[in-house]
Amino acid sequence: MKIDPLLKQINPPPRLIMGPGPVNADPRVQRAMSADLLGQYDPAMTEYMNEVMTLYRIVFQTENHWTFLIDGTSRAAIESSLVSLIEKGDKVLVPVFGRFGHLLTEIASRCGAEVIAISKEWGQIFTPEEIEAALDEHHPKVLAICQGDTSTTMNQPLDTIGKLCAERGVLSYVDATASIGGNELLIGDWGIDICTAGLQKCLGGPSGSGPITISETAAALIQERWHVEKGIEPAGFIPGKQSRIQSNYFDLAMLMAYWSPQRLNHHTEATSMLYCARECARCIVEEGLGKVLARHELGSAAMVRGLQALGLQLFGDLSHKMTNVTGVYIPDTVDGEAVRRDMLHYFGVEIGTSFGPLHGKIWRIGAMGYNARRDAILRTLNALSSCLRLHGYKAPEHDAALAALEVFKSEELGPADIEISPVSKIR
Ligand SMILES: Cc1ncc(COP(=O)(O)O)c(C=O)c1O
């Protein structure tokens, strides 16, 4: 008798996901997601919400009170930031150095902004001077920029950007979806107004929750736009003087009221995703953020060495490469998609291609979050080496995995520990 495929239990094939993200989730995160559900206002649930706020202050390296989760993928957190900051006709400056810069221009323009985009060739980043000059030329209300743009694997330096903006009364927004947890990100020291993230890259979770942190300046501005939906206005409620935020779901003023002791009802918090986000942050804090960053840096060095041993050419400005993903040119002599397909089919290893002008030209190979591990990197290099040869690539005699292993062995005495605030400093 044939069993209807619809009635079969889901049983995904085993995969090692080494693309630009999503990647395999940490098993501890998956276990946390299967914990029992709680009511929305159960004291245990609201306590978990408060703990999430504390844990993400450490991950973002900030003392911002307003640090919480947006339910939805990273894009939801981006959209809630921009729709809550932007009023119709506001000028928004977006430095674009890849696909996700274009996404910021797209969302800002849907929010009614006058968008000014400045562009860099994919594979390059902006200097602080270039951004400063654009701020002075255009006088925007908001600067919106990506930290790591996964489409190009470049990591934009941001250490002076928040201050440049603050000196000019400009609000700064950063999309750190792909870079947080694997590349230095010091929201407090850098003076960034709003930063958003996602779980599915270096934080070791699945997609579906967007951590956000909001400075006092940005929060005050957003609270001036506070308009509560009918039927739940608290006693004595006086609406904000400024225009109502265009989106109900992504209204940060209402979301802040929900994440405050007032717990003013908004959406129904996605309980399992909250457990998940909490566990992602807990694992990072337990390991130590400095050690997590060092683990990504070491993985990047090993991956680079292995790819070079295969005689492959790396993509972009390597001095500004994200630690968690490496771009590499596909050799002219092979069909890139066929190599990727065979890596998945024979080895169960997934790597990525890219978008737009880089589609079919580069592969993007990640080592992030739970997968920023020696065994995962060595297996990926072995799979790539075999599949390249299978497709006729004349690789040098060097062994890619061995070259990477030498990098790991040289660090076995103890990788440098980058000093980052301990749990107790930021509460
Ligand atoms: C830099 C960056 N921003 C935004 C996104 C969008 O994230 P999501 O697909 O979780 O909405 C991604 C996804 O890869 C990304 O890499």
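A residue counts as near a molecule or strand if its C-beta atom, placed from the backbone, lies within 6 Å of it. With that in hand, look at the ligand: of the 13 residues around it, Thr 73, Ser 74, Arg 75, Thr 150 and Ala 178 come nearest. Keep in mind that this is a predicted model, where local features need pLDDT of at least 70, side-chain atom pairs count only at pLDDT 80 or more, and totals for chains, interfaces and linings use all residues. Residues are numbered from 1 along each chain as its sequence is written.

**Around the ligand**
- The shell is made up of three nonpolar, seven polar and three charged residues.
- For these classes, Ala, Val, Leu, Ile, Met, Phe, Trp, Tyr, Cys and Pro are nonpolar, Asp, Glu, Lys and Arg are charged, and the others, Gly among them, are polar.

**Two domains**
- The chain splits into domain 1 (35–284) and domain 2 (288–410), with bounds from an automatic or database domain assignment.
- Their C-alpha centres sit 31 Å apart.

**Helix H13 and its partners**
- Helices here are DSSP runs (H or I, at least four residues), as are strands (E, at least two), numbered from the N terminus.
- H13 (residues 374–390) and H14 (residues 400–410) have axes that come within 8 Å and cross at roughly 160°; axes are lines fitted to C-alpha atoms, for helices over the stretch in contact, with angles from 0 to 180 degrees between N-to-C directions.
- H13 and H14 are therefore roughly antiparallel (under 35 degrees is roughly parallel, over 145 roughly antiparallel, 65 to 115 roughly perpendicular, and the rest oblique).
- Their contact includes Leu 381 of H13 and Phe 408 of H14, and by class it has nine nonpolar, two polar and one charged residues.
- H12 (residues 336–347) and H13 have axes that come within 9 Å and cross at roughly 120°, so H12 and H13 are oblique to each other.
- Among the residues in that contact are Met 343 of H12 and Leu 388 of H13; the classes are eight nonpolar, no polar and one charged.

- Most residues other than glycine have a negative phi, and most peptide bonds are trans.
- Gln 61 has a positive phi of about 55° although it isn't a glycine.
- The peptide bond from Gly 21 to Pro 22 is cis, with omega near 15°.

Key
Two residues are in contact if their C-beta atoms, placed from the backbone, lie within 7 Å.
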